Structures are given as structure tokens and as C-alpha cells.
Amino acid sequence: PSCCGRRMAETAMHLADEVQPAVPIRQWVLSFPYPVRFQLANDAHLCAAVRRIFVRTLLGWLRERGESVGIHAGRSGAVVVAQRFGSALNLNLHFHALVLDGVYSSASPFARPVFRPAAPLTDPDVVELTTRLHRHILRYLTSCGRLPRSEHDEAEPQPDESLLAELYAASVQGRGAIAEQNGASVERLGRRRDARPLFLPGDLCCDLDGFSLHAKVEIAAHDREGLERLCRYLARPPIATERLSLAEDGRVVYALRRHWKDGTRAFVFDPLDFIAREEKLGQYMSIY
């Protein structure tokens, strides 16, 4: 835990002090339907290719917005973290992108670039971007022969794939893999409630066939403390040890930081299944 905490703090300080300029920055979070999560988590090259599609689509859209108001040849930038974990210690590969909320442009090739902030973001903008990402990513997966047969297919490894792929599939689906309750859903603690709608107008969110895009978090140009906090969030370790405890029967209890909308407050794991999940979690970062 101390090594993970030190790496988180060092990474956040480096990004805030040495990498990110003093301009508005928006966080974009892209998550995927279960079958696509499994494909990306199980294939690093495929994950890298989809990450590039995500970044190119975002930066290209910002460039188009600049051109629509007379800013030509605008360039933006992004820091992208591929997180492999969800709050329930499940394998949930998704992308966090800290994107300059605007573009740099210059009057001539030798002039100093000047930052031009983007227009205020709206819900229709997020819907448009989600639609583009949905189309581009599915087209790429189809060209690679990696598109799941149906959007309702479960994430399943092929018969000739490794035990690790089986563990990936179980973690993505929120079930046990190697303990006595093999194949059963992970036990939840908390009183279940009816789930409320996840995406509401004005939330700068969109969900299209399991492709979810969220863009509500924005950092002002000179809010360096806020930027460092956000960078710490992106670089955080997958497990918060202060939320771990042991039940009387020896099983591992992992409490959620915030109760889910359905009432879930914690998950209970067999010790072996907990170890199997922990080995697959982490994150990696790219700068564009």
C-alpha cells in the first residue's frame, strides 16, 4: 500500500507541475459493455488501439469545434489512464482522459501558440461524441473479427484460452471463479433499493448500447490544487486498504466508498477469489 500511495502522489505532482498547462481541463470517462470490456482487458494491443480511437475522436472533435468559429489548425492534448478496476474490485477496463478544453493555434508557423477555450459543453455534444465513439470502435472491432456476436452476449473466454482469461471473464461479470462458490455472483451487503436512472439531462453523460461517456468534471485554468486532486484520483491504487476487513467466517469484506444507488454497501469475497481478483487490477497511462 505504501508503494502504491507514493506512486500515486508522485504521478499526480508530475502531471500537475510538469505536464498540464494552466488552461481549462475536462475529464472524459469512457466505459464499455461487458463483452467489449473482456476483449480489451484480455488483449493489450486491442486495448491500445481502442484507446487511440478514443483520443483521436476527442481531439478531432475539439479541432472541428475550433474550425467552426474560425480557429484553423488547432491542436489540443490529453493524458489518458486506462483503469482496469471498478469500485467492487471487479475487472472493469475503462478510460479516464484529462483533455485540454480547447485548442492551441498560432497566427503563423513561427508565432507562439495561443490557447483558445472551447465553447461550453452541452448534453447534445456528449451524445454526438458518444455516437461517434460507438460507431468508430464497433467498426474497428468488426474489422479485427473481435466484435461480440450480440450486444447481449456474456463475456466468455474461448475453450482454448488460458485460466487467466477465465478469471478475467468471471471478474468482469461479478462472479466467483476458483472458490467453492465458483460461478455464483459475489455476495453483496446492504438493503437493496430500486435503482434510479443513471443518466439524467444536464449531467453531461450519455449511454449508448453500453458505451458510456461522462464529461461533467472540469478544472479551471488556475486551479492547480483541484487538478492535482483529480490526477491523484486517476492514479489511485485499485484497493483502499482502510476499507478492507475480515468477517467472522474468514471471508474478505470490501466496503464501498459510497453506497450504490441500489443500496449495496459492501462485497464479500472468499479469500482465494479475492486474491484472484487483486492480481488483475491496475492502470497504465499515455500522454498525447
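Modeller: Let us begin with Asp 203, which is partly exposed at a relative accessible area of 21%, where buried means under 20% relative accessible area, exposed over 50%, and partly exposed in between, computed with a 1.4 Å probe on protein chains only. This is a predicted model, in which local features need pLDDT of at least 70 and side-chain atom pairs count only at pLDDT 80 or more, while totals for chains, interfaces and linings use all residues. Residues are numbered from 1 along each chain as its sequence is written, and side-chain values use heavy atoms, with hydrogens and water left out.

Biologist: Which side chain meets Asp 203 in a salt bridge?

Modeller: A salt bridge is a side-chain nitrogen of Lys or Arg within 4 Å of a carboxyl oxygen of Asp or Glu; here the partner is Lys 216, at 3.4 Å from N to O. Lys 216 lies in the loop between strand S8 (211-214) and S9, and Asp 203 in the loop between strand S6 (187-189) and strand S7 (205-208), so the pair ties together parts that are 13 residues apart in sequence. Strands (E, at least two residues) and helices (H or I, at least four) are DSSP runs, numbered from the N terminus. Lys 216 is partly exposed as well, with a relative accessible area of 45%.

Biologist: How many salt bridges does this rule give, and which residues are linked in a network?

Modeller: The count comes to 8 salt bridges, and Arg 26, Asp 101 and Glu 218 are linked in a network of them. Asp 101 and Arg 26 meet at 3.4 Å, N to O; Asp 101 lies in the loop between strand S3 (91-100) and strand S4 (102-105) and Arg 26 in strand S1, so this pair ties together parts 75 residues apart in sequence. Arg 26 also meets Glu 218, at 3.2 Å from N to O, and because Glu 218 lies in strand S9 (residues 218-219) and Arg 26 in strand S1, that pair ties together parts 192 residues apart in sequence.

Biologist: Are Arg 26 and Asp 101 buried or exposed?

Modeller: Arg 26 is buried at 5% relative accessible area, and Asp 101 counts as buried at 8%, whereas Glu 218 is partly exposed at 43%.

Biologist: Where is confidence lowest, and where is it highest?

Modeller: By pLDDT, the predictor's confidence in each residue from 0 to 100, helix H5 (residues 163-173) is lowest with a mean of 55, and strand S1 (residues 25-31) is highest at 97. Where pLDDT is low, the predicted coordinates should not be read in detail.
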